[in-house]
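Please open the model in your viewer and keep the selection panel at hand.

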Amino acid sequence: MAIPRVMHYDVIIIGTGMSGLAAGIRLAYFGKRVCILERHYAFGGLNSYYRLGGREYDVGLHAVTNYRTGGDRNAPLPKLLRQLRLTPDDFDLRPQRFSEVHFPGCRLRFSNDVELLISEVADRFPRDADNFRALIAEIRAYDDLRLDAKHSPTRPILRARLREPLLIEMLLCPMMYYGSAEEHDMDFTQFVTLFKSIFLEGFARPLEGVRRIVKALVRKYRQCGGTLCMRCGVKSLGVDRGRVKSVELDSGERLSADTVLSSAGYVETMRLCAEPDAPTTKERVGNLSFVETIAVLDRRPAELGHDATIVFFNDAENFTYARPNDLVDTRSGVLCCPTNYEGHGELREGSVRLTWLANHEKWTALGEAAYAAAKRRLLTPYFDRVRIYMPEAESHVVCTDMFTPVTIERFTGHLGGAVYGSPVKRRDGRTPIENLFVCGTDQGYLGIIGAMLSGITVANLHVLQEE
């Protein structure tokens, strides 16, 4: 543990997730005295990495969305790089080959060129070919970065624009798996954000995985003069007369700041406010969590005949996105092959990551032995699914690992292991406490690029622009 030597800062940031690090860089660059506090030993929050058995594993990163090379300077990725004074080489992103949405009897391929998806829709859903182009034009024109956008459900909007129910389900599947904190539906503004980031801008990934991005952010933050304190968890926020007056660490040490930014989640942040006059929160805790199983192979999936980068699959025509009644729901999910990006051919080993919806309460109710047994049992449906795409994959497995809602809650602090936080987003980052703001998951911008833009937006809006 590294206790800060300075006791008062211009800004204290809770959490070294993408949003917290980006906010820290932005503020430190403009001369603010900034301290980022992290309870754990690893940077990155929901998008981190760990070492096991001599191998590096990513947590959370299937793809960096919003990949776009050249063209629009105001697209999310170029804008982000300018705001943080980084270059494309800092992230070293490699584009996907292609991905697909796979439902019974129907597959839609897509790549970083939206024309592939347009042609696939025209071929499989000819009645909606023109309607789909019109929807894309509407999405392009929609301002999804507005901080005052009102919540609107997506399903009714899509039903008013598209004729084919199956097409609607197939469009919702990747959007919801990659960003929805709601069950069964999602906010249309968030749907637009994800549609742009996934279909119009596309997927990419660093050769080194998420550690490349995290290390670039940490290095830049330190270069800008920011203070970074690992294993310094925040125990409580002392609130007096509507302002945070003190930040108490797990060690008992107290710090203070003019402004506090938290990437811990809105509900989680409000629960840190220990003083009697601090506002209480009745916001809903998110209940959508995931299990992810990772198998390392002695060769790359492309050598086993599987070239798709990511597959979003569903075993029925109707897509159900909700907390399952059992430990997991194996009927739908995401299968990701991290080495199926361009420029990954130099890697000797490959891996297959499979993500399912999971029930946090069921997992936390298990004792230690039952928990370990449940993880072992899930290897059977895992390999059943992988064999659909790579029949020989199981014979090439070197090792496996798995994380569950218990893991997510332990290392991120997100209540319920909710990867996408609360269904209620606060796009302006405000809380009832005057100098306390949230960034990241519960601010509402999505994905790795979105998380960093969230931190930048909140820092710009509530610290830099107020001067």
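The model is predicted, so local features are given at pLDDT of at least 70 and side-chain atom pairs at pLDDT 80 or more, while totals for chains, interfaces and linings use all residues. Residues are numbered from 1 along each chain as its sequence is written, and side-chain values use heavy atoms, with hydrogens and water left out.

**Stop 1**

Select helix 5 (residues 129-141) together with helix 8 (residues 188-201), which pack at an angle of about 110° with their axes 10 Å apart. Helices here are DSSP runs of H or I with at least four residues, strands are runs of E with at least two, and both are numbered from the N terminus. The axes are lines fitted to C-alpha atoms, for helices over the stretch in contact, with angles from 0 to 180 degrees between N-to-C directions. Helix 5 is therefore roughly perpendicular to helix 8, on a scale where angles under 35 degrees count as roughly parallel, over 145 as roughly antiparallel, 65 to 115 as roughly perpendicular and the rest as oblique.

Show side chains next: Phe132, Ile136, Ile139 and Arg140 of helix 5 make the contact with Phe191, Val192, Phe195, Lys196 and Leu200 of helix 8, where contact means heavy atoms within 4.5 Å. By class, this contact has seven nonpolar, no polar and two charged residues. In that scheme Ala, Val, Leu, Ile, Met, Phe, Trp, Tyr, Cys and Pro count as nonpolar, Asp, Glu, Lys and Arg as charged, and the others, Gly among them, as polar.

At what angle do helix 7 and helix 8 pack? The angle is about 90°, with the axes 10 Å apart, and the two helices are therefore roughly perpendicular to each other. Leu171, Leu172, Pro174 and Met175 in helix 7 meet Phe191, Leu194, Phe195, Ile198 and Phe199 in helix 8, and the residues of this contact divide into nine nonpolar, no polar and no charged.

**Stop 2: aromatic rings**

There are 18 aromatic pairs, counted where ring centres of Phe, Tyr and Trp (its six-membered ring) lie within 6.5 Å, with planes under 30 degrees apart called stacked, over 60 edge-to-face and the rest tilted. Select tyrosine 177 and phenylalanine 319: their ring centres are 6.0 Å apart and their planes are at 35°, so the pair is tilted.

**Stop 3: cysteines**

The count of disulfides comes to zero, a disulfide being a pair of cysteine sulfur atoms within 2.5 Å. Select cysteine 35, for which the nearest cysteine sulfur, that of cysteine 229, is 3.9 Å away; at 0% relative accessibility, cysteine 35 counts as buried. Cysteine 439 is likewise in no disulfide, the nearest cysteine sulfur being that of cysteine 35 at 14 Å.

**Stop 4: positive phi**

Most residues other than glycine have a negative phi. Aspartate 92, in the loop between helix 3 (88-91) and strand 5 (93-95), has a positive phi of about 50° although it is not a glycine. Histidine 184, in the loop between helix 7 and helix 8, has a positive phi near 75° and is partly exposed, with a relative accessible area of 45%.

**Stop 5: two buried residues**

Select threonine 269 in helix 10 (residues 266-270), buried at 0% relative accessibility. Beyond residues up to four places away in sequence, threonine 269 touches Leu237, Ser262, Ala264, Leu436 and Val438.

Finish at serine 99 in strand 6 (residues 99-103), which also counts as buried at 0% relative accessibility. Leaving aside neighbours within four places in sequence, serine 99 is in contact with Leu108, Arg109, Phe110, Phe203, Thr309 and Ile310.

Conventions:
Buried < 20%, exposed > 50% of the residue type's maximum accessible area, 1.4 Å probe, protein only.
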